[in-house]
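Please examine the sequence and the structure shown below.

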Amino acid sequence: MGKGKTFKGGIHPPGHKELTNSKSIRRMSPPEEVVVLMQQHIGAACQPLVKRRDVVNKGQKIGDSDGAISAPVHASVSGVVKAVESWVHPNGYKVQAVVIENDGEERLDPDIVPAGDLESLDKGTIVDLIREAGIVGLGGAAFPTHVKLSPPPHKKIHTLIINGCECEPYLTCDHRVMVEQPEKVVYGTRALLRALGINKAFIGIEANKPDAITAMEKATAPYADIQVVPLQIKYPQGAEKQLVTAITGQVVPEGCLPMDCGIVVNNVGTAAAVAASLKTGMPLIERVITVSGEGVKEPQNLLVPVGAKLSDVLQVSQGFNGTPRKVIMGGPMTGVTQFDLSVPVVKGTPGIVVFNDLKTATKPEACIRCGRCVDACPAFLVPVNIVQYVDGGQLDAAVEWGLLNCIECGSCSYVCPANRFLVQSILLGKQEVQAARNKQTS
Amino acid sequence: MQDSAMLPDLTDARLVISSAPHISDQESVSSIMYGVIIAMLPALGASMYFFRTRALWLVIVTACACVLTEYVFQKLRGKPVTIYDGSAVVTGMLLAFNLPPTLPMWMAVVGGIVAMTLGKHVFGGLGSNPFNPALVGRAFLAAAFPTAMTSWMSPVTNTAMATATSAATAAATTAATSAATSAATAAATSAATSAATAAATSAATSAATAAATSAATSAATSAATSMATSAATLGGISAATAVDTISMATPLALMKVEGVATSYWQLFLGNVSGCLGETSALAILIGGIYLIYKNYIDWRIPVGYLGTVGLLSLLMGQDPVFHWLAGGLMLGAFFMATDMVTTPITRKGRWAFGIGAGIILMVIRLWGAYPEGVTFSILLMNGFTPLIERFTRPRWYGEVEANA
Ligand code: SF4
Ligand code: SF4
């Protein structure tokens, strides 16, 4: 459990971080072909800016959108556009994609120039640079970072929180970034502070990463406005609102964002990406992911080009160790199972976890009303009752019991001794409510 | 979809698609049930020490009756058989713990059948029953066989003939089978005063009549019965040196009817007469602490229940320790009132449940005709559980009052 601040509720799943947490980040050699999806973020999908047979440079913008909430995408290798076609997104739906055949020349785009000294950049410039670099939240949600940095004028931001919890089991990419590139995280944090025009930042790190805490404390020592906060080991410590409460004690009211409380939360990986693109001018075309689980021969932390296919990444990890039953994009608590290994890594992919067996039961038993789901819920809901209403078709009652306030962390399903599909039913219920509301308004 | 470099050993992979989460903790319904069974072992040990093999047999017979009933019921209804989840064994053991050691076996079997059918399966089985099945079984037995259900034997360890245990047990069994008359018989053997005999006889008659009547009227009957028993006991005490241990009032009855207090130490150890598993507070505490430690029960219920009883006894000028240790309160607080299925799911609701049960218990103990009220206090609160849950929904994270 450890010491440190935390939130109420939550669970303690075994971390399995030891598989990779002491392994240095390795760079994956760029694959022969990358698939850059036009939707790698929350918000409007990009339109392709290139067509078949076009020659593209590494770092060249190949997709963009006019949408207020969106982020451009860039070529992660130099080469020839093989196709512009629809492809399966890790989340299961199909989106447009630019398929690039790597010519191996690593030809950099001429537009790529370092931004210059942080002190010489003003607020607006930093936000624009971050947008143009296509930076989104690397923790998994992939919310465009520049949008977070541009709050409406009436919302006064006072605090920046850098999320270094990495509470999902197996994942260690953020951990390694903090240990190996602490100065990058700090540089990115300073850039974010500057972009927000504030001078108070906390870096929250779970106590199971003492080396990361030490490294970050050392790197932040010269900066009085950045403070490292050790947090208890608990899932979902890295959930945005839970993290805000753990660090500041503030509760984000329902229907509001941390922004409404004057707080902006960014992931450590995002901070490092901001630093990298400001320093070199290179947009977000690669990221660190953790490849782990007993189903891969060589669990490790890899720096992979965005658009690298799952099969290529697994190949680098020496392939499967036995017969895989589940290939999960993301961590085991919230990740999405894959059936097609040609799915590419996107900006929001924190890792790939492979299991050789099912670690969850497939047949639910009768609920014994033990209340474990209630105790575990970090949103203080009564999952069992909400699910009863959802399953019974009583959506109004489900909403009255807080259906829409579920943060989809999966803690309830994790603890349920009867193996009931709680978060799964809640998700369905949320979709149904959303569908009903859309129908009403249209 | 484009061809991708196939991984060498992927050919026969059957990848499973499922919604997150993809891991779960190791606890299961049956592991919880077996945990509860383990927690009952100290109390079972204590009852075997005090009441010898009689106790063990009663537990085994009742548990088997419950498991078999569940099996037959589920088979008849064409439902999946769930006897291995351990919940039927838990119900059976708990029911046995709530029976007098002298109860005829066939009555225990009837209690088990009622507990599993009326208490559990008519509502749809595990998780759907509103009332604690073991207590439903017990309440039924108390209504149907009031005398047998309030005929007590003194612990074997208490008697002058402690060494002749099997003889004592056998005697107890024989005596108990003729339940309606045993009280009177015992009273007679004791050569008590005519007043006592008269009281016993009239009480016994009323008990016999009432055996056929419904649960509603049984409380009054039981009061009469317990009076009979205690009258008999008085006789028993005077004759204790002569015969053995057949009939003995519970400490609560002694207190209520005769104003005789039993020593704390005897109560704590359980060296008193009473239901099988309820006498030893020590053994129950060991099991209860294990349950709390394993997170199988919520400490709020026993603390709320016992706390309320203690507070009310103090307010009423009674001895709280006596109220805690005597009767079935300890067993009820740790094992019966904490049944997950029939108690509120919310933390606040669990406080409410414990406190409510404590109030009802004290009302019954202080003003009711019945010396004991654990069963009814818990059953009543079971009935309130849905209501309590509705009023104790926790405020969710960031909840904003609807019309604030
Ligand atoms: S954890 Fe499972 S069994 Fe327990 S109350 Fe919740 S849904 Fe029911
Ligand atoms: S109900 Fe939602 S927020 Fe609560 S534990 Fe389940 S998934 Fe998490």
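A salt bridge is a side-chain nitrogen of Lys or Arg within 4 Å of a carboxyl oxygen of Asp or Glu. The side chains of D375(A) and R347(B) form such a salt bridge, with N to O at 3.0 Å. This is a predicted model, in which local features need pLDDT of at least 70 and side-chain atom pairs count only at pLDDT 80 or more, while totals for chains, interfaces and linings use all residues. Residues are numbered from 1 along each chain as its sequence is written, chains are lettered from A and ligands numbered from 1 in the order in which they are written, and side-chain values use heavy atoms, with hydrogens and water left out.

**Interface of chains A and B**

- Between chain B and chain A there are two salt bridges.
- The side of chain B that touches chain A takes two or more residues from each of α1 (29-51), α16 (347-367) and α17 (374-391) of chain B; helices are DSSP runs of H or I with at least four residues, strands are runs of E with at least two, and both are numbered from the N terminus.
- This side of chain B consists of 24 nonpolar, eleven polar and 14 charged residues. Here Ala, Val, Leu, Ile, Met, Phe, Trp, Tyr, Cys and Pro count as nonpolar, Asp, Glu, Lys and Arg as charged, and the others, Gly among them, as polar.
- Contact (heavy atoms within 4.5 Å) links 49 residues of chain B with 74 residues of chain A.
- The two chains bury about 5200 Å² between them, 59% of it on carbon and sulfur atoms; buried area is the accessible area (1.4 Å probe) that two parts lose on being put together, summed over both.

**Ligands**

- Ligand 1 lies between chains A and B, where a residue is near a molecule if one of its heavy atoms lies within 4 Å of it.
- Around ligand 1 there are 13 residues, of which C367(A), C370(A), G371(A), C373(A) and C416(A) come nearest.
- The shell of ligand 1 holds ten nonpolar, one polar and two charged residues.
- Ligand 2 is surrounded by 13 residues, and the closest are C377(A), C406(A), C409(A), G410(A) and C412(A). In chain A, α12 (411-415) and α13 (422-441) each give two or more residues to this shell.
- The shell of ligand 2 holds ten nonpolar, two polar and one charged residues.

**A sheet in chain A**

- Three strands of chain A form an open sheet in the order β3-β5-β6, with antiparallel pairing; two strands pair if DSSP finds at least two bridges between them.
- β3 (47-48) and β6 (73-74) of chain A are at the edges with a single partner strand each, so one side of each has no neighbour in the sheet.
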